[in-house]
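Hi everyone, thanks for making time for this.

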Amino acid sequence: MSAADAIATKIIAGAKIELIERGSGRPLVFLHPGIGIDPGAAVLDRLAEGARVIAPVHPGFGRSELPRGMTSVDDLAYFYLDLFEELDLADAVVVGVSFGAWIAAEIAVKTTARLSHLVLADAFGIKVGDRETRDIADIFAMTEAQVAERAYCDPAGARRDYARMDEADLMVVARNREATARFGWSPYMHDPKLKGRLHRIRIPTLVLWGDSDRIVAPDYGRAYAAAIPGARFELIERAGHFPHLEQPDNFARRVLAFAAAPGRAP
Amino acid sequence: MKVFHFTEQPYFPAWDSHEGSLRIVLPNRKCDPARAANLFHRYYDEWQLADALGFDIMVNEHHSTATCLSSTVVVTLSVLARQTTRARLLVLGYPIAHRSDPLRMAEELATIDVISRGRLEMGFVKGVPYEIPVANTNPVFVVERFWEAHDFIIKAMTSHDEPFNWEGEYFQYRHVNIWPRPYQQPHPPVWSTTSSRTNARVLGERGYVIATLGSGYNTRALFDAYREGWAAAGRTGPAAPDRFAYLGLVAIAANEDEARRRGELVAGYPRTSAIVAPQFRNPPGFLSVADNARLLQGKTPPRSYTKDGRVINMATASVQELIDAAIMFCGTPDQVYAQIADFTEHCGGLGNLLMMGQAGHLSHDDTVDSLQLFAREVMPRLAEMKQPVATAAA
């Protein structure tokens, strides 16, 4: 992404946020991971072939404003419920990756009134293991190279040359890192209450996982799926923690196929 | 000028086998409790000597590190409150944003102030970035937590007529009513540290004592930002020298060769302090977004300047460079006095020298000799030295 690719902005619940919109048809809300979303990402175009893609940049990330007092993923979930109302979405597919999937799950346990399908990819958000086991690798205790080694099936493709990026884009990188800590520092990348609330999600749910994800392993995804009534679990081959980046075609195809199946029972 | 004797209480026996990090991840099996006990007693002995020689005393804490054995400064203060008799006891600092319980902190500090019969100086600090991973305080909120903890402690120390309630963003209490209340009224003096002009100005507005470390011949810019804040708060007259403090390493001896030898040992502090695994050096949110963007480009802000404007790296600088940057005052008593006096002129007034009189491998005997020499030959001259009193416009 470069500063030249300015993203349109919209005021939602009083906060000016960046919002990527692409394609037409039924609404598909894409909630990005902590590393943000590049408007040029192939996955957005692939998804837009079968849906009206709405990809907001979370408050505090990218160049989106951060409303005062917003400190938790719970706050973000309520913000997105406001967004769904203001955009008057109905039968929306909500797709989240990593940190974005945590937000998606927090939204869905509150209400699925405007949703038809939920896709959680390599999701953060719940506590699975015992108290001395970190379910999710501590990205704040690793160098960027160590994080990339765990996050990507092919870490070479993840390298970014900061020296060649302009100031505005570096500000986005720095802001994304800070916002990720703001919302996920402790309890680290999860809400201790969330797992016990997942049973409230009664719309078709697909839990997608990169088979090479070593930030949070596929077994964590299986536990996530097991806690959501009727949820399906699927692996994406040759993908790590960000399957939407490493396998955009496969990712979009799976999401759109899942969303094409019948939604909630009438 | 007041002179405070300070040591980080280093556990130097572990410095030779650290695998790239003296902090956070260095396993504590490398700490021999018997050697730690000997070192604690030795450092306390040196502070008692400093008390007897007319120094004031500065103490601090760090966590999970071989650079500083003191992980709970309240213990150090408690020992010294009872075992010293006249020295001011400066804690610089107490990392109040990283602790979960400011009520407990107010109680501890008030109690120490009472036991010492009013000798406590309260330095509140945000802490170095390496404290964050251990404290687990969200680095994004450290500044806000710092000021709420500060506001609470001051209110707890100055409320005497009825218990009060506190329902803040970070801390909640009922029936706040600390016993004992502090000896000094309305509360022990407040100090803080900073390396930014913005924060320096805030400290000036509040009139607290500002202390800097490693800022060398860039210190004047920070002190002038303080003076701007001081004046902006509507005070008449310039900030007195006692509002300004500077931490400098001191290596002193009867002859220059011996002083340089001690200087090499004392330089163990800047040479080890930043040995930290890289992933812990810059927790998210600790620096501003703009500063982090510059860091990503590989631009690190220079901190330490020599008098003639050269930038030095504290971690790798030679003793001569440390002297040139006023990070170390080193030499015979005459030389050390001249260096401090010159630096005081640069600062536009400096009422408090925080003297790292022990650091690194400097032995007990060397430390005792240095303290005695400084007390005999330098301290009286510093006490008599006429201080410049600058206004904001240098």
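Let's start with the sheet in chain A. It's an open sheet of 8 strands with mixed pairing, in the order β1-β2-β4-β3-β5-β6-β7-β8. When I say strands or helices, I mean DSSP runs numbered from the N terminus: helices are H or I with at least four residues, and strands are E with at least two. Two strands pair if DSSP finds at least two bridges between them. Now, β1 (9–12) and β8 (232–236) of chain A each have a single partner strand, so they stand at the edges, with one side of each left without a neighbour in the sheet. Neighbouring strands here are turned by 25° against each other on average, direction ignored.

Before I go further, a word on where this comes from: it's a predicted model, where local features need pLDDT of at least 70 and side-chain atom pairs count only at pLDDT 80 or more, while totals for chains, interfaces and linings use all residues. Residues are numbered from 1 along each chain as its sequence is written, chains are lettered from A and ligands numbered from 1 in the order in which they are written, and side-chain values use heavy atoms, with hydrogens and water left out.

Back to the sheet. Strands β1(A) and β2(A) run antiparallel and are joined by 4 bridges. For instance, A:Thr9 has A:Glu18 in β2(A) as its bridge partner. Which residue takes a positive phi in the hairpin of β1(A) and β2(A)? That's A:Ala13, near 50°, in a hairpin with 2 residues between the strands. And A:Ala13 is not a glycine.

Compare that with β3 (residues 27–31) and β5 (residues 92–97) of chain A: they run parallel, again with 4 bridges. There, A:Leu28 is partnered with A:Val93 of β5(A).

Two peptide bonds to look for. The one from A:Ser186 to A:Pro187 is cis, with omega near -10°, and A:Pro187 lies in the loop between α5 (167–184) and β7 (205–210) of chain A. In chain B, the bond from B:Leu92 to B:Gly93 is also cis, with omega near 0°, and B:Gly93 is in strand β3 (residues 89–94) of that chain.

Staying in chain B, let's do some helix packing. Two packed helices are described by the angle between their axes and the distance between the axes. The axes of α12 (residues 333–347) and α13 (residues 364–384) of chain B come within 10 Å and cross at roughly 35°. Those axes are lines fitted to C-alpha atoms, for helices over the stretch in contact, and angles run from 0 to 180 degrees between N-to-C directions. Contact means heavy atoms within 4.5 Å. On α12(B), the residues making the contact include B:Tyr337 and B:Ile340, and on α13(B) they include B:Phe374 and B:Arg381.

How do the two chains meet? The contact takes 21 residues from chain A and 23 residues from chain B. About 1900 Å² is buried between them, with carbon and sulfur atoms giving 62%; buried area is the accessible area (1.4 Å probe) that two parts lose on being put together, summed over both. In chain A, A:Arg177, A:Glu178 and A:Trp185 lose the most area to chain B, together 31% of what that side buries.

Last topic: salt bridges, meaning a side-chain nitrogen of Lys or Arg within 4 Å of a carboxyl oxygen of Asp or Glu. How many are there between chain A and chain B? The count is 1. A:Arg68 forms a salt bridge with B:Glu169, with the closest N and O atoms 3.6 Å apart. Over all chains, the count comes to 42.
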